[in-house]
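Please look at the model below together with its sequence.

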Amino acid sequence: MPKVIVTRRWPESVETVLSEKFEVVLNVDDHAFSHAELALAFESADALCATVTDAISSDLFGPEARVKIIASFGVGFDHVDLESAREHGVAVTNTPDVLTDCTADLAMTLLLSCARRTAEGERELRRGDWTGWCPTHLVGSRVWGKTLAIVGMGRIGVALARRAHHGFGMRIVCFDLYDVAPDILRELDAQQVASLDELLPMADFVSLHCPATADNHHLINAARIGAMKRTAFLINTARGPIVDEQALCDALTSQRIAGAGLDVYEAEPNVVPGLLKLDNVVLVPHLGSATLETREAMGLRVVENLDRFFAGEHPPDLCT
Ligand code: 8YV
């Protein structure tokens, strides 16, 4: 039986399946692995089931490494040094598709929540500061009929566009390095524009759905935020480093844009302190895929990748 080390607790049902199929070492107290623990895992297991909280850096791929596959739990794989994995012939897999809908739901939640000021309202009410209804109380921004700009029209970007267009009557504009399939643009009555700089001034809401590649580091910086409408909102359920968090904090403080909804941060679990003081930003702790159904499906997708890999086949979600 191949030896598999799982770096965090997973849904119980998936841990059971893993234990039946492999010689599994589970992380019973669910602590985040230290670098030394990751190094030890690399030396002692055939497979490492990692997550976003594990920085799989180049030095781990030393001559002592026994690991042959990093079967990551999550669609994003920016926590893994893919180049080193390739160089050392270590397979890396992710878990696409199964988290698309729940992540798009969370993006829509953030969009609605920051437009309608629900988190701000809840804080006021819990503080005991609500003095009763009046016509000017916590008025927000209408969503219906507004323009949503999607940066990155992959699976999650398209799933959000579907919800926003068909469910909330939003107009969709998008930017992607690749041509979006004409039938998707037709279905969404969407317009793909040639550059981010063309996209940003068009939007009432901007939602990020691109990967955290080196090219996308601080893709949304002070200048790009400055290109947005003053009444616009920024939503990020992709990855923190795509946005210059301090620049966003400054822009929200000076009300250069109306608001933001964030699920991801540059240095999780830390958040730029200034953001915590602002009412015009909705902050949630990396919840994109956090439903039981999706987390179970993500785990089973990892199991499938491991099964196929150890059967000598091509794992379905190979990233290397
Ligand atoms: C995961 C995510 O919960 O899949 C991703 O890329 O951001 C989240 O859905 C997390 O990354 C687990 O590794």
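A backbone N or O atom of Phe73 lies 2.5 Å from an oxygen atom of the ligand, and a backbone N or O atom of Val75 lies 2.6 Å from a ligand oxygen. A side chain takes part too: an N or O atom in the side chain of Arg295 is 3.1 Å from an oxygen atom of the ligand. Taken alone, the ligand exposes 330 Å², and the protein buries 91% of that; accessible areas come from the Shrake-Rupley method with a 1.4 Å probe, and for residues only the protein chains shown count as cover. The residues that surround the ligand are Thr51, Val52, Phe73, Gly74, Val75, Gly76, Leu99, Arg239, His286, Ser289 and Arg295, where near means that a heavy atom of the residue lies within 4 Å.

The model is predicted: local features need pLDDT of at least 70 and side-chain atom pairs count only at pLDDT 80 or more, while totals for chains, interfaces and linings use all residues. Residues are numbered from 1 along each chain as its sequence is written, and side-chain values use heavy atoms, with hydrogens and water left out.

Asp263 is found in the loop between strand E11 (259–262) and helix H11 (273–276). Helices (H or I, at least four residues) and strands (E, at least two) are DSSP runs, numbered from the N terminus. A salt bridge is a side-chain nitrogen of Lys or Arg within 4 Å of a carboxyl oxygen of Asp or Glu. A polar atom of the Asp263 side chain does lie 2.5 Å from the backbone nitrogen of Leu287. Among the residues that Asp263 touches are Leu106, Leu110, Val284, Pro285 and His286; contact means heavy atoms within 4.5 Å.

Elsewhere, the structure holds 20 salt bridges. In one of them, Asp97 pairs with Arg155, the closest N and O atoms being 3.6 Å apart. Asp97 lies in the loop between strand E5 (91–93) and helix H4 (100–116) and Arg155 in helix H6 (residues 155–168), so the pair ties together parts that are 58 residues apart in sequence. Asp97, with a relative accessible area of 39%, is partly exposed, and so is Arg155 at 46%. Both residues belong to a network of salt bridges that links Asp97, Arg155, Arg301 and Asp317.

Another salt bridge joins the side chains of Arg162 and Glu187 (2.8 Å, N to O). This pair links distant parts of the chain, with Arg162 in helix H6 and Glu187 in helix H7 (residues 182–188), 25 residues apart.

The last stop is helix H10 (residues 245–253), whose buried residues are Glu245, Ala247, Leu248, Cys249, Ala251 and Leu252. The buried residues of H10 pack against H9, E10, E11, H11 and strand E12 (281–283). At the start of H10, a side-chain oxygen of Asp244 reaches to within 3.3 Å of the backbone nitrogen of Gln246. Gln255 follows H10 and has a positive phi, near 55 degrees.

Methods
Polar contact = N/O pair within 3.5 Å; in protein donor to acceptor, adjacent residues only side chain to side chain. Buried < 20%, exposed > 50% of the residue type's maximum accessible area, 1.4 Å probe, protein only. Lists of a residue's contacts leave out its neighbours within four places in sequence.
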